[in-house]
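Here is a friendly walk through a two-chain model. Have the sequence and the 3D view open as you read.

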Amino acid sequence: MGREVSESCVESLVTEIVSSYCNGFYADKPELAARRIEAIGFQVGHQLSERYTMDRPRFTDHLEAIKFICKDFWSEVFKKQIDNLKTNHRGTFVLQDNRFRWLSRMSVDPSIETLGSIQDPSAMAENKAAQAIGMHLYFPCGIIRGALSNLGIPCAVSADISNLPACSFVIRIKA
Amino acid sequence: MAPVAPRSGDVIFANVERVNAELFTLTYGAIVRQLLTDLEEVDEVNKQLDQMGYNIGVRLIDEFLAKSNVSRCVDFKETAEVIAKVGLKMFLGITATVTNWDVEGTTCSLILEDNPLVDFVELPDTCQGLNYCNILSGVVRGALEMVSMKTEVTWLRDMLRGDDAFELQLKLLKQVPEEYPYKDDE
């Protein structure tokens, strides 16, 4: 086992990224804040997947790479595997984590459960709580996109929290 | 002065939830990188990192007090020892040596034995004025402020800038007396 730090360190950083970008620099521009937070996640995912795949043979297809994300990658980052993987076999994959670690300690307004997908930050502007959670999810979405991009798979990633505390990440691979 | 009780954060660190340090190190690196892009000025990035650290320290002190079971420190010397041996250990898994005390006992240095923030990090020439680890000084300042100590926390030596160690100076500016927001008889 390599070096470890307390989980609070990582959680504190993520909280602080979101609050700096959403309340500080881009308080009136949630779209820009979202893009920056996603970019930070992208960088992290890109570097982590480089490190975690150093000693592996190249993945032969998309499904293999996605399985790597669900198992090895998720275990390294979140200490558990993705619980459920679905695909339409046309480039869309849905990864469900039944108890997503980074949301497990957030309080949630039940009314937002109807809100579902967080693809459009401006649509959430009405609901501050939904927006706060949505903003926190841009970071893991960026991590997944960065990890896959490093494996040569360009894609778009969004999150769905209509089933809290489960969280689904929807990956759409670009043809 | 009562002798400082030997304290160590080893047991606490062994019992907290931990994650691999790569995730932490790379996340921090990505933040610094994004801030450099967005704020452009190195000085602004230094300030922002310090502010983020301060905000984190203000929150982490609660977790520290709850989990460490440390009782009130008799003086600033003991406070510095507790940060070096318990606080840093409990969160970052490292310890520091406390040294360079001034005669008043209000200024000292923490020499970090190790620093997980800087694994894989090299500063390019364009970032020479960057205090890469400024988040940590902010955390210490924020945490101490919550226990009534106004401090100034600065990096004196930084291995990323070619020094031979990471040296963090703690200067106690003011001990704020505790005030209650209510009167006893209300």
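## Where to be careful

In this predicted model, residues 1-6 of chain B keep a pLDDT under 50, pLDDT being the predictor's confidence in each residue, from 0 to 100. For that stretch the model has 3 contacts beyond four places in sequence; two residues are in contact if their C-beta atoms, placed from the backbone, lie within 7 Å. Where pLDDT is low, the predicted coordinates should not be read in detail. Chain B as a whole averages a pLDDT of 91, and 94% of its residues score at least 70. The model's overall scores are ipTM 0.88 and pTM 0.89.

Residues are numbered from 1 along each chain as its sequence is written, while chains are lettered from A and ligands numbered from 1 in the order in which they are written. As this is a predicted model, local features need pLDDT of at least 70 and side-chain atom pairs count only at pLDDT 80 or more, whereas totals for chains, interfaces and linings use all residues.

## Chain B in outline

Chain B has 5 helices and 5 strands; helices (H or I, at least four residues) and strands (E, at least two) are DSSP runs, numbered from the N terminus. Their order from the N terminus is α-β-α-α-α-β-β-α-β-β. The radius of gyration of chain B, 17 Å, is close to the 16 Å that the globule rule gives for 186 residues, so chain B is as compact as a globular protein of that length. Here the radius of gyration is taken over C-alpha atoms, and the rule is 2.2 Å times the number of residues to the power 0.38. The C-alpha trace spans about 55 × 40 × 35 Å along its principal axes.

Of the 186 residues in chain B, 41% are buried. A residue is buried if 20 or more other C-beta atoms lie within 10 Å of its own, exposed if 12 or fewer, and partly exposed in between, with C-beta atoms placed from the backbone. Among contacts in chain B between residues at least 6 apart in sequence, 60% join residues at least 24 apart.

Take a look at helix 4 of chain B, residues 76-92. In this helix, 15 of the 17 residues are buried, so the rest of the structure largely encloses it. A kink of about 40° is centred on Ile83(B), where the bend at a residue is the angle between axes fitted to the seven residues ending there and the seven starting there. After the helix comes Gly93(B), with a positive phi near 75°.

Now find Arg7(B), in the segment before helix 1 (10-15) of chain B. Is Arg7(B) buried or partly exposed? Arg7(B) has 17 other C-beta atoms within 10 Å, so it counts as partly exposed. Beyond its neighbours within four places in sequence, Arg7(B) is in contact with Val70(B), Val82(B), Lys85(B) and Val86(B).

## Where the chains meet

25 residues of chain A are in contact with 28 residues of chain B. On the chain A side, the elements giving two or more residues are strand 1 (4-6), helix 1 (7-25), helix 2 (30-52) and helix 3 (62-78). Helix 1 of chain A gives the most, with 10 residues. The residues of this side divide into 11 nonpolar, 7 polar and 7 charged. In this count Ala, Val, Leu, Ile, Met, Phe, Trp, Tyr, Cys and Pro are nonpolar, Asp, Glu, Lys and Arg charged, and the others, Gly among them, polar.

Strand 1 of chain A also pairs with strand 1 (residues 18-20) of chain B, in the antiparallel sense over 3 bridges; strands pair if DSSP finds at least two bridges between them. Val5(A) has Val19(B) as its bridge partner.

## Strand 5 of chain A

Chain A holds 4 helices and 5 strands, in the pattern β-α-α-α-β-β-α-β-β. Of its 175 residues, 43% count as buried. Strand 5 (residues 167-173) of chain A is mostly covered, with 5 of its 7 residues buried.

Strands 4 and 5 of chain A form a hairpin with 6 residues between them.
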